[in-house]
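This report is a guided reading of a structure, written for someone meeting it for the first time. Please keep the sequence and the 3D view at hand while reading.

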Amino acid sequence: MGSYVQYLSENSSELIFYAEQHFLLVLYSVTFASVISLALALVLHTNQLAPPSWRRSLRVSSRETSLLLASAALTIPSLALFGLLQPVLGLGVTPSIVALTLYAIYPVLRNTVAGLASVDPAVLEAARGVGMGPVRRMLRVQLPLAWPVIISGIRTAVLILISIAVVAALINGPGFGKPLQDGLARLGAVNSFNEVITGTLGCLVVAAGYEIIFVVVLRFTTPRGIRD
Amino acid sequence: MTDIVQSLTDSTHRAPQRPMIALEGVSKTYPKQRRPAVAELNLAVPEGAIVILIGPSGCGKTTTLKMMNRLIEPTTGRILLDGEDVTDVNADQLRRRIGYVIQQVGLFPHLSIADNIAVVPTMLGWDKRRITSRVDELLHLVGMEPAEFRDRYPRQLSGGQQQRVGVARGLAADPSVMLMDEPFGAIDPITRERLQDEFLEVQRQVAKTICFVTHDLSEAVKLGDRIAVFAAGGRLAQYDTPSEVLAHPADDFVAEFIGSGTAVRRLSLLELRHLELEEIVTSHGGAPTVPHSGTVYDAVDVMLAAHSPLVVVVDDDGQPRGALRWDTLVSDLRTKGPPR
Ligand SMILES: Nc1ncnc2c1ncn2[C@@H]1O[C@H](COP(=O)(O)OP(=O)(O)OP(=O)(O)O)[C@@H](O)[C@H]1O
Ligand SMILES: [Mg+2]
């Protein structure tokens, strides 16, 4: 135990660097995924935003198709996905972010669609009845009401990504994957077990950091009337 | 009793003016439905009048109302608002000019009561101070203390309170046309009565054109200048003044719908101030009183409650105006002067 503390203090600057990398890797990926999912869900969900020529059935089926594709992406084994992207995007940060973004789309998209659909139709009709146009209705009524559900999707995505992100080390990606894999590759050697523990605990620390951030964000972005 | 019927037909309700809302041959068949929800409807709502839509559940009242502000597009026919065909105008602009109170209330859960009421004025770009004073005015109107309710959220209100806020929201921008879908449905009888009186008072000052859906025949008779009785399938069975509907139902359906007790109901259409009353004599001292702003219905109520064969009708200052006898009531009641 004493030696682990010593290990931590000796490598503290490096560990902080890993934590920062891991945090940012997840942040970028989840941000891209959220932007993509929100845009997709808004277009697919809002009747008047989607081209009016799209028949209702087409709108529904396109929504289901994108959900299906997103869920398919989530089921690709992470090892395989990083490997598959390598020939196209090479090594390092870019393919790591792309892969993690693909993983994050499903939880965010799923919750965004569900959140938008959960808004009371009577409320939406009242919005129409007072003369709100489709864009105003979406931005002022539907999105704020769906927000708690959407953000819980983003939160799920973050938790998934924090653990998947360690695989990024395979393609020289950033984060706690590096000490973890180094340690696993040399198990038995000096400090190898410390590295494995550090990779694991590091993920937990990053997750804890995100949880705190989410509590704060949720508090400040949920409209008071629907906060419990 | 025949006198009462006669006096009812030519008293109380205002003469119709030019139509503010006109439905011409309007039908609505919902997608994948075989039968139309509303069929070949012709209806003219006179400017400044309250028209009540009444009928059994599912007969197309809400559908009719929603076609007027184009929340639902009619399958056939056209709709004129103030003489203008609204089938092709911008629907959002149109709806900001028409107050709408939706049957399911539909307050915005994430907005405070004040912000809920202020939606349309805000969209119309009113300045802050004007909006605030308008919100307070409306909360007073629907009997809710602004200081207590302004900053609450819909979920912190009872169903009836939410419904009243819904009415305030519809009235907010002072539209000249109002569509109200069972606006007082969830409100207790006493508050409802007060709101109805308030509503009629406001209507006397600023005559809006109002389409009002209700299930309550008493409410229809009390508020309506005209009543449109709908039968299943959106058929307009009768469209006439309340007294005509009560006295001469157009067909068996209407007769059955208004049910028994129409003679008693018609009493509430007859205002005491329009009656020929008996001279007051000293022996009337101690008899129960009723204000002359009330109706014969109220007078009967007072007589029954006080076990008195006679009531004294008093004016706003409490001065006796005359007396009304039970015997007169059931034999030969007469009205005086021209209808209001
Ligand atoms: N969106 C819809 N799709 C299909 N049918 C509908 C739709 N909305 C209403 N209907 C049908 O049209 C008919 C008229 O409905 P509407 O809501 O106008 O009735 P209503 O007179 O307002 O009834 P209530 O008094 O219960 O409110 C009903 O038979 C109803 O089932
Ligand atoms: Mg209805």
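Sorted by class, the shell around ligand 1 holds 3 nonpolar, 8 polar and 2 charged residues, where Ala, Val, Leu, Ile, Met, Phe, Trp, Tyr, Cys and Pro count as nonpolar, Asp, Glu, Lys and Arg as charged, and the others, Gly among them, as polar. The model is a predicted one, in which local features need pLDDT of at least 70 and side-chain atom pairs count only at pLDDT 80 or more, while totals for chains, interfaces and linings use all residues. Residues are numbered from 1 along each chain as its sequence is written, chains are lettered from A and ligands numbered from 1 in the order in which they are written, and side-chain values use heavy atoms, with hydrogens and water left out.

In total, 13 residues surround ligand 1, and the closest are Ser57(B), Gly58(B), Lys61(B), Thr62(B) and Thr63(B); a residue is near a molecule if one of its heavy atoms lies within 4 Å of it.

| Residue | Atom of the residue | Distance to an oxygen atom of ligand 1 |
|---|---|---|
| Ser57(B) | polar side-chain atom | 2.5 Å |
| Gly58(B) | polar backbone atom | 2.8 Å |
| Gln103(B) | N or O atom in the side chain | 2.9 Å |

Taken alone, ligand 1 exposes 640 Å², of which the protein buries 62%; accessible areas come from the Shrake-Rupley method with a 1.4 Å probe.

Chain B also contains an open sheet of 6 strands in the order β6-β7-β8-β3-β9-β10, with mixed pairing. Here strands are DSSP runs of E with at least two residues, helices are runs of H or I with at least four, and both are numbered from the N terminus, while two strands pair if DSSP finds at least two bridges between them. The edges of this sheet are formed by β6 (98-101) and β10 (235-240) of chain B, each of which pairs on one side only. Within the sheet, β7 (residues 177-181) and β8 (residues 209-214) of chain B run parallel and are joined by 5 bridges, with Val177(B) standing opposite Thr209(B) in β8(B). Helix α8 (residues 159-171) of chain B packs on the sheet, touching β6 and β7 of chain B, and its direction makes about 170° with that of β6(B); contact means heavy atoms within 4.5 Å, and angles run from 0 to 180 degrees between N-to-C directions of lines fitted to C-alpha atoms, for helices over the stretch in contact.

Strand β9 (residues 226-231) of chain B runs antiparallel to β10(B), joined by 5 bridges, and Ile227(B) stands opposite Asp240(B) in β10(B). The hairpin of β9(B) and β10(B) has 3 residues between the strands, and in it Gly233(B) takes a positive phi near 80°.

Another open sheet of chain B has 4 strands in the order β2-β1-β4-β5, with antiparallel pairing. Because β2 (38-46) and β5 (84-85) of chain B each have a single partner strand, one side of each is left without a neighbour in the sheet.

Chain A, by contrast, has 9 helices and 0 strands, and its C-alpha atoms fill a box of roughly 70 × 40 × 20 Å, taken along the principal axes.

Note on methods
Polar contact = N/O pair within 3.5 Å; in protein donor to acceptor, adjacent residues only side chain to side chain.
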